[in-house]
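This report describes a protein model, element by element. Please have the sequence and the coordinates open while reading.

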Amino acid sequence: MAGQPQRIFFEWKRPPLHSAADWIAANLDEPSKAAPPIIVLPTARSRRRLIELLQEHSISTRQIEVITVGSLPEKVYEQQKETASHLLRNLAWIAAIQKLPKPKRENVFPSLDVENLARLSSLATRLQTLHERLGAETSSFESVSREVKKIPDFPQTKLWEGLAKLQGLYYRELEAMDLWDPQAARNVAIYRRECRTTRPIVLVGLTDINRGPLEMLEQVAEKVTTLIFCDPVDQFGFDDLGCLIPDYWINRRLKIPDATIRIVDKPADQAAMVGAFLTKHTATFGKDRLCIGMPDEKVWPQVERETSRLGFDTYYAKGISLQSGAVMRLLEKVAEYLDDPSYQNFAELVRHPDMSRWISRLLERDSWLAELDGFQNLSIPARVDFADSEYFATPDLEDFPVTHILRAFRDFFAPVAPVERTVQQWAGGWAKIITQSFDEILDETLEALDTYDQLAAMAARQIVEALEFIHADDRATLPLKSAREALDFCRNFMTDPVMEGGETNGTVPVLGWLDLAFEDADAMIVTGMNNHVVPMAEASFAFLPNSVCSQLGLLNPQRRLARDLYAASLMHACRSELMFVVGRRDVVKNPLQISRLLLHASDEELVRRATAFFDFDRLHPDICSIPDASVATRPTTQQLVIPRPNNVVVPTPLSVTRFRDYLKCPYRFYLAIVLKLEEVSDSLRELDGGAFGDLAHKVLEAFGFSSVRHSDDPSLIRAFLQDTLTDLAHPLIYRSRLPSVTLQVENLRYRLEKFAEHQAEHRRSGWLIASVENKLDYVFDVDGNPFVIRGMIDRIDQHEDGRLAVWDYKTSEAGKSANQAHRDGKGNWTDLQLPLYRHLVSKLYPDIDRDQVGLGYVILPGSTSKIKFESADWTSEDLKSADECAVQVMRSLNQGIFWPPNPEPPDFSESFAAICQDQVFEQWTAGGVA
């Protein structure tokens, strides 16, 4: 080691960064502007916090440079040539893979398609990650290859020979561009002992440093001052540069009392414990001085719900990954649609919040989505391709939103339409898509936007910056054809992978494990204290078993354990209140293990804690806890109320088909008929029952008006029905392009063929079609008040002897008879459609005996053998009871009786299942939980 670093020890009874800021302020000489001292922190959050504290000392970033340890290497050696960007390194790896001789390539990547550029880019990224991880430990593919040859019977020596050869080709590709790999440049500087600096370097709490940066610091040790935070008795636990000596910390007991530990059962209990802890300490410290530790992200959703319920605003300091944020999700949906313009991809794209907002601006209305779903239900399209102009040029589609959207998409997505382009061109195109999609919020200041738009604007700017960096590089000439392939390629080079929202006063930060030791909150609760979370299992090196990694010195679990033991000690020593929460089960009820940090205690404490964890049901009050302080305020019954009807206007005229809905459930009738709530879905992939029935009714309606309606020749009837179906179904089949729709049309064709035979026989028996599709009203007197009913009668026939018959077409698969559809097994009326039709018919035939009007179904089920004219066999007494039932329904409607809901959900009532809490374990009722 060149010279000796200076070590400064601080007792850890106050937050480390406060001690560091005070020391820097007291010891900062008046530096020259050319050489400000370098302050090095372990994490980005600790860096930001130290800058804030230094500003309180009136020290600005012009006087000093504050960095994280990842940026340190380039401060202590002089780069001999330009280093390659992430993009060019990826391209160099791709070229190296393609040039690797086939025998060696097959040793490394068997059956690899070197023409699949998306696969090669992903593989290049993995290789770059492995290259950087090994480089940080001053190793290379070549050095690993040499070492594994020394291991007896090691099975992958040829693989590492191939990787060593591949790395050499990678270096040659960069050399041809007169560029250098940054990790290689660092290791060369270490090997040649070229690390030097004239600037003071202050390491703040850097207790765990990789081998590469550590060797660089050793070469400039005389310029290094390291600030160490510990109990005075623990000063022997650090080396000259302030790094932990693993053996010392592993042999030292973790000195935290049982009262600091709480063992609970489920993630919900962890969340409740967080709520109780925050509630308890808010009065003492205020919300600004609280902190939540979240080593296990799986617990976060439960904690977020609980803290929100209790009125705490939280700030997830880990940030939101650009790769999973709203902007990237929009680009993914665009790419998926461009490469496969299926209706499903189109529907998902237009439903993205930002694309939806753009479309609302385009169409100048917000109702377009329901209209679009109506179009989907009408046409059942398989594809919606803006490149197919004939698809949306038909006059009957001109007023649909889909027409205007597709025309706009054709120009909007032109920069990324699926044609062969270079990576450079694709990047420019994707950048243009973002600026077009988010132009409204990108023109605003962040302060003028709500939280969602702030995050979207920040993400959009960062992604555009990364894409424009690629677009500006003339060497990015790799050709790509697919929008998705190009997007996946470009997203590998997002320079800033995490986007952070703003932290405001009164918010409680939620931090990962590595940030907690340097957090200065007065009260901290840490969840997820389970093994393999804390300490986290060390990530393996690709292509190397952990045992070999340890043998080569690439994995050091002891170093990681020492780091986490020190961090836990520091958390406990420098704050007033600390709690570690251990869960016994995860979100899917799998058993967990207690963190071995918490068992790194005296023998008595170890036994007590382990016993408490495994003997949880008996509850050890000093360690185990059911978080009743929070649970006590939590409701114990279902709090989502089923909304009761109010301000009801009686729906009149009332369709005769709606009496069935009221008889099934008055409340669901209220939702559907009074409030007019309906489910609109775009998930249809075939004609639903209503649409299929409508098509059949249109064909049969046309037949009822045709010149062949009185024919008794089945061939003439069949020919008319087939031609009419072909004409009516052609636009549907053309628009849909789904085989399922074509099959349904052909199925209807078979049904109509069989119907033609029955219709001819019906005519030969003396029946004539008198009228079709009659829309009629009738007024009932209900307790002195008029009540209007209305119905559309499919068909009225008159016999040559003067008799009348009312027929309703039914195309359902079940093929129920009129009696089965209208009455239950006990004879109770469940539907009143046909009995009420006879009153409507009296408007056309005032002198008829209504009880003598024939009533029935023309049944057209899937099984053609069951197609027939099916008359109901109701007596006058039956029809009288139907009228009485109808009057009672009308009376109830006049009185506004729509409550309570039927506890047994009727068939086909799934649309209202959420409102009525169908199948809910703790269903709400007026008297409490059902």
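## Sheets, helices and one arginine

Helix α2 (residues 44-56) lies across β2 and β3, and runs at about 160 degrees to β3. Strand β2 (residues 38-41) pairs with β3 in the parallel sense, over 4 bridges. Within this pairing, I39 stands opposite V66 in β3.

These strands belong to an open sheet of 5 strands, ordered β1-β5-β4-β2-β3, with parallel pairing. Its edge strands are β1 (6-10) and β3 (65-68), each of which pairs on one side only. On average, neighbouring strands of this sheet are turned by 20 degrees against each other, direction ignored.

A further open sheet has 6 strands in the order β6-β15-β14-β7-β13-β8, with parallel pairing. Here the edges are β6 (261-264) and β8 (313-316), and each pairs on one side only. I525 has M579 in β15 as its bridge partner.

Helix α11 (residues 267-285) lies across β6, β7 (290-293), β13 (507-511), β14 and β15. The direction of α11 is at about 170 degrees to β15.

| Strand pair | Sense | Bridges |
|---|---|---|
| β2 (residues 38-41) and β3 | parallel | 4 bridges |

### R823 and the helices around it in sequence

R823 is found in the loop between α32 (818-822) and α33 (833-841). Which residues does R823 contact, leaving aside its neighbours within four places in sequence? They are N828, W829, T830, W874, D878 and S881. With the side chain of D878, the side chain of R823 makes a polar contact at 3.3 Å. A polar atom of the R823 side chain also lies 3.1 Å from the backbone oxygen of G827.

Helix α33 is mostly covered, with 9 of its 9 residues buried. The buried residues of α33 include L834, L836, Y837, R838 and H839.

D878 is one of the buried residues of α34. Helix α34 (residues 876-894) has 19 residues, which at 1.5 Å a residue should span 27 Å; the end C-alpha atoms are 27 Å apart, so the length agrees. Just after α34, G896 takes a positive phi of about 70 degrees.

### Confidence of the model

The model is predicted. The protein averages a pLDDT of 87, and 92% of the residues score at least 70. Among the elements, strand β5 (residues 224-229) has the highest mean pLDDT, 97. Helix α26 (residues 628-631) has the lowest, with a mean of 42. Over residues 628-636, pLDDT stays under 50, and the model has 16 contacts beyond four places in sequence for this stretch. Where pLDDT is low, the predicted coordinates should not be read in detail.

Definitions and conventions
Residues numbered from 1 in each chain as written. Predicted model: local features only at pLDDT ≥ 70, side-chain atom pairs only at ≥ 80, totals over all residues. Heavy atoms only, no water. pLDDT = per-residue confidence, 0-100. Helix = DSSP H or I, 4+ residues; strand = E, 2+ residues; numbered from the N terminus. Contact = heavy atoms within 4.5 Å. Polar contact = N/O pair within 3.5 Å; in protein donor to acceptor, adjacent residues only side chain to side chain. Expected span 1.5 Å × (residues − 1). Buried < 20%, exposed > 50% of the residue type's maximum accessible area, 1.4 Å probe, protein only. Pairing = 2+ DSSP bridges. Axes fitted to C-alpha atoms, helices over the stretch in contact; angles between N-to-C directions.
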